[in-house]
Amino acid sequence: RVSSESFRLSKLRCDCPAIAEHLAQYLRRQAQPRTQKTIVFCVDNDHADEMRMALEKACVDWIRPGDVVRIVNDDGSEGKRALGQFCTPRERQPVIVTTSRLLSTGVDVPTCKNIVLARGVGSIVEFKQIIGRGTRLFAPEKTSFTILDYAGAIKHFFDPDFDGVPTTIQSEVVSPTATASPIDEHAGEPSTPASPAASVDLHEQVRTEQGEQSAEQVRSTEAS
């Protein structure tokens, strides 16, 4: 008998191409996609590699070799080198990093603009740790960040009193068999669902200068 959690994780893995395509569309709409440092949290190490390959295919029109990499706990010295580059603001590569759990704590990426949840989150502490990867300010290059949640974690764990009030909240449905409709990043209403059979929820949240306070709170939580 398959548990509901196992089914959900399996579904996220099957939806990998759809998630990658939707994320690629979102990044493509940004003024400078190659400045959009992004962390994609995946189900496990294999899923992180599958997501890397799917993103390379979906972003083929604008990425360069080395822009999309997987960084997990068994990547050794090559993974450490890529992580060091990703955390350094002056380094322009990699742009997108796929991982499972390695980057959820203890990593400071000042210029990370997008946190992508392609796996479930087990607790509110883990959720705050993951989101904390994006809360560091790096003005003037970065004064906000975006959460793209394909796993539905925000509705369980987001706490405006702790995290601050998002400047924009969007909800959209992404279909594995249809191209997602564009997100109106300035409107207050959710976009039109891609199709009635769509299966992946996206919740986009953008925060501003309140992120500095949130970052300190997350670090305190991790330390306790």
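Trainee: Which residue stands opposite Thr-38 in strand 4?
Mentor: That's Asn-114. Keep in mind that this is a predicted model.

Trainee: OK, and how many bridges join strand 1 to strand 4?
Mentor: There are 5 bridges, with strand 1 and strand 4 (residues 112–117) running parallel. Another partner across that pairing is Leu-117 in strand 4, which is bridged to Phe-41.

Trainee: And in what sense do strand 1 and strand 3 pair?
Mentor: Parallel again, over 4 bridges, with strand 3 covering residues 96–99.

Trainee: How many residues of strand 1 are buried?
Mentor: 5 of the 5, running from residue 37 to 41, so strand 1 is largely enclosed by the rest of the structure.

Trainee: Which residues sit on one side of strand 1 and which on the other?
Mentor: Lys-37, Ile-39 and Phe-41 are on one side, and Thr-38 and Val-40 are on the other. Every one of those is buried, so both faces of strand 1 are covered. In a regular strand, side chains alternate between the two faces of the sheet.

Trainee: Switching to helices. How many residues of helix 4 are there, and how far does helix 4 reach?
Mentor: Helix 4 (residues 76–87) has 12 residues and spans 17 Å from its first C-alpha to its last, close to the 16 Å expected at 1.5 Å a residue.

Trainee: Which residues of helix 4 are buried?
Mentor: Gly-79, Ala-82, Leu-83, Phe-86 and Cys-87. Looking down the axis of helix 4, those buried residues fall within an arc of 130°, so they line one face of the helix. An α-helix has 3.6 residues a turn, so residues three or four places apart point the same way.

Trainee: What's on the other side of helix 4?
Mentor: Ser-77 and Lys-80, and they're exposed.

Trainee: And what covers the buried residues of helix 4?
Mentor: The cover includes strand 1, strand 2 (68–70) and strand 3.

Trainee: What about helix 2, mostly covered or mostly open?
Mentor: Mostly covered, with 10 of its 13 residues buried. Among them are Cys-16, Ile-19, His-22, Leu-23 and Tyr-26. Helix 2 takes in residues 16–28 and reaches 18 Å end to end by C-alpha, close to the 18 Å expected at 1.5 Å a residue.

Trainee: Where do Phe-127 and Phe-157 sit in the chain?
Mentor: Phe-127 is in helix 5 (residues 124–131) and Phe-157 is in helix 6 (residues 154–157), 30 residues apart, so the pair links distant parts of the chain. Both Phe-127 and Phe-157 are buried.

Trainee: Last one. Where does pLDDT stay under 50?
Mentor: Over residues 177–224, for which the model has 134 contacts beyond four places in sequence. As for the protein chain, pLDDT averages 75, and 72% of the residues score at least 70.

Note on methods:
Residues are numbered from 1 along each chain as its sequence is written. This is a predicted model: local features need pLDDT of at least 70, side-chain atom pairs count only at pLDDT 80 or more; totals for chains, interfaces and linings use all residues. Side-chain values use heavy atoms; hydrogens and water are left out. pLDDT is the predictor's confidence in each residue, from 0 to 100. Contact means heavy atoms within 4.5 Å. Buried means under 20% relative accessible area, exposed over 50%, partly exposed in between (1.4 Å probe, protein chains only). Helices (H or I, at least four residues) and strands (E, at least two) are DSSP runs, numbered from the N terminus. Two strands pair if DSSP finds at least two bridges between them. The expected span of a helix is 1.5 Å times one less than its number of residues. The arc is that of the directions from the helix axis to the C-beta atoms.
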